[in-house]
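Please read the following report alongside the sequence and the three-dimensional view, which are shown next.

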Amino acid sequence: MADTGFVKPEAETGEPAPAVDDEDLFEDAGDLEFYDRSQGPTFETLYLARVPRYMWEAWQRLGERLKDDDEVQIGTLRTWNEPGVPDADGHIGPESTKLRMLLDPGCGEHHELPREYDLDVLERDVRNHFIFTEEDLPSYKAKNKARQDQINAGIPAHILRQKEAAAAAAAAAAGGGGPQRHTFDRKSRFQPYFRKAIPKKTKVFGKIHYDVRVEPRNTGEEERYLGQQLFQAEHSRAKLQIISRNTASSIINPGTAGAVGWAGNFIKNTPSLVKPKKGEIFKAARIPKNQLLDLIFDCFRLYQYWSMKALRQRTQQPDSYLRQVLEEVAVLNKSGPFANHYCLSDAYRDKGGNESREAAAETVDDGDDDEPDEMEDVAMLRTYSRALSKMHLVFDFDGTITTADTIAHLAGAAMAAQERRRGARLQPAWDALVQAYLGDLAAYTARFRPREAARTTPAQEALFLAGLRDVERASLRRVGEAALFQGLAAADLRRIGADAVRDGHVTLRQGFGALVRAARDNGWPVSVVSVNWSAAFIRGATAGLLREEDAVVANSAREDDGVLQGPDALGGELLVCAPDKARAMRRVHAGAGSGKLLYFGDATTDLTCLLEADAGVVLADGESALRTALKRLGVQVPHVSEAKGRIVWARSFDEVLESGFLRESPFLLE
């Protein structure tokens, strides 16, 4: 017979059981509910979409005007599969899923947005991504609703808490027990009061299957909408205008000596008419650059031509700071009826509007007689302008125009495009060709003689750099075999470059735009010579700065098979090493006409170009491999501010413009 065991009975204390608090009933919200897979595949085909900010803001406004239980259709989604693309071996790739979305025109928040969007599939089968929903428990929701109704009736929350505490105390006294809760005392500094989290009913709503990025099909509609938003933001901004800087002069402190003659200067708080002494400088606090640009554009909406003195009086900004910002958007007329006056450059001409007067702004006579000095400076600039009128600026791209190398981003964007278009995953192939390139480079460097430390002449270094041609060409051949750029047209690569700069993946070096505008004003040709894999990518990254007539000499990819080919300037030969760049630079310079050649570079592939040009600038944030190599070869590279060497270095193009190197270097004067 089985032992039934023994259960110890509970001790009876004679005290009643403690009352159960209402909030304790909701402490256990129950088990997590999962979605029902038997209802069909709908719950496993959710989309995680990365939408543009303007679309998300429109949907936020839509949610604010709807109630919690309202349902609204925001659009229609279309999906289909396209057959795979055959590779070089004839194998058919996997099918690619295509998605397209059309916003519902009946929704008022969609009226100004682009209507049609492509959904680029970033991940076809997302793992371990779920959507959860939660709601208040029904019983707690009813209790909470009663409390909310009392608050809506105008009863303050602290009074409700006092009433609840009194009710709980009365129940505890009547029942002889119950939990003791601390009340909130508004006059007490330390509060033993805490709030409980609202109990929720949590449910797994579904599983994410696709990770997509939403892109408008018509980029023109998006640009027009963003332009309208930018225009509204600029014109709706609150503006502060200082009417007068007069200080009160009749504030009397009782009991002071000045209070004796207070009636003598009653209500006389006008500014002093005493002119400042010659050479006396009044300091003005700098405002943010964007606010100063707004003030400058406001000035040019009134008059098309402004002198430096008039702008200084209107903006109340330091002369050096105002001149630095002004030269980014305006040019100084050196001759004609408006000589010594600034006008907006061509790139910012539309900021002045159509209602600005074709006249020069008048200045207020404040006793400042610095205009003759300005005339003298302009005459000096005009003299140097004639001497430098035939200068030719040639730039490297990676690390010179940009702050870092862009090949990795270009390859990554191309691989992402291949995966979206034909489902090809090229990351393993890319990793393999990178390792192969590094191996070839290490082997060539190890067997080359003389070693780096022993190469002390330009001829020895040129032999080493020329020998890299086979290593670089083998690497570009592997890129073509991997079909990294197959099916990508020049327009696609341009957009990749423009998007890289817009999204911050590629950063242009500070002052490049200002230097290009200065070249335009002086009639200097501008060219780019680069070992980059795509000239179209370079043009996309420099869109708005370089023109179509500006030569961009770089490699390119054939659209049909993705094989890399050289520029026309080299007869189709690949541009991969320092001697190739020097040959391309000579041909581009010959096509631009005679004149002084100024080259900008950052890497050892630019060494030959720097040595052959009339003058050169090394772009570096500090010590670099190129600066180290030049010093090893006995070439002195001072900072651009010294303006003494034929080859100088600078951290940015702004330093080149501010240093006076372009007008003071003896190697650039004719």
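Ala483 has a relative accessible area of 11% and is therefore buried (buried means under 20% relative accessible area, exposed over 50%, and partly exposed in between, with a 1.4 Å probe and protein chains only). Ala483 lies in the loop between α13 (469–481) and α14, and its phi is positive, at about 55°, although Ala483 is not a glycine. Helices here are DSSP runs of H or I with at least four residues, strands are runs of E with at least two, and both are numbered from the N terminus.

This is a predicted model, in which local features need pLDDT of at least 70 and side-chain atom pairs count only at pLDDT 80 or more, while totals for chains, interfaces and linings use all residues. Residues are numbered from 1 along each chain as its sequence is written, and side-chain values use heavy atoms, with hydrogens and water left out.

Asn340 sits in the loop between β8 (330–332) and β9 (342–344), and it counts as buried because its relative accessibility is 11%. Another backbone feature is the cis peptide bond from Arg449 to Pro450, with omega near 5°; Pro450 belongs to the loop between α11 (427–447) and α12 (458–467).

Within α14, the residues Leu493, Ile496, Gly497 and Ala500 are buried. Seen down the axis of α14, these buried residues fall within an arc of 95°, so they line one face of the helix, the arc being that of the directions from the helix axis to the C-beta atoms. Such a pattern can be read with the helical repeat in mind: an α-helix has 3.6 residues a turn, so residues three or four places apart point the same way. The face of α14 turned away from the buried side carries the exposed residues Ala491 and Arg502, whereas the cover over its buried residues includes α10 (407–422) and α16 (535–541).

The largest nonpolar core has 60 residues, of which Phe395, Phe485, Leu598 and Phe600 touch the most other members; a nonpolar core is a set of buried Ala, Val, Leu, Ile, Met, Phe, Trp, Tyr and Cys residues joined through side-chain atoms within 4.5 Å. The largest share of this core, 7 residues, comes from α10. A second, separate core of 31 residues includes Phe448, Phe464, Leu610 and Leu633.

For the protein chain as a whole, the secondary structure comes to 21 helices and 18 strands, and 35% of the 670 residues count as buried.

The mean pLDDT of the protein chain is 79, and 74% of its residues reach 70 or more, where pLDDT is the predictor's confidence in each residue, from 0 to 100. Over residues 265–283 the pLDDT stays under 50, and the model has 12 contacts for them beyond four places in sequence (a contact means heavy atoms within 4.5 Å). Residues 369–389 also have pLDDT below 50, with 27 contacts in the model beyond near neighbours in sequence.
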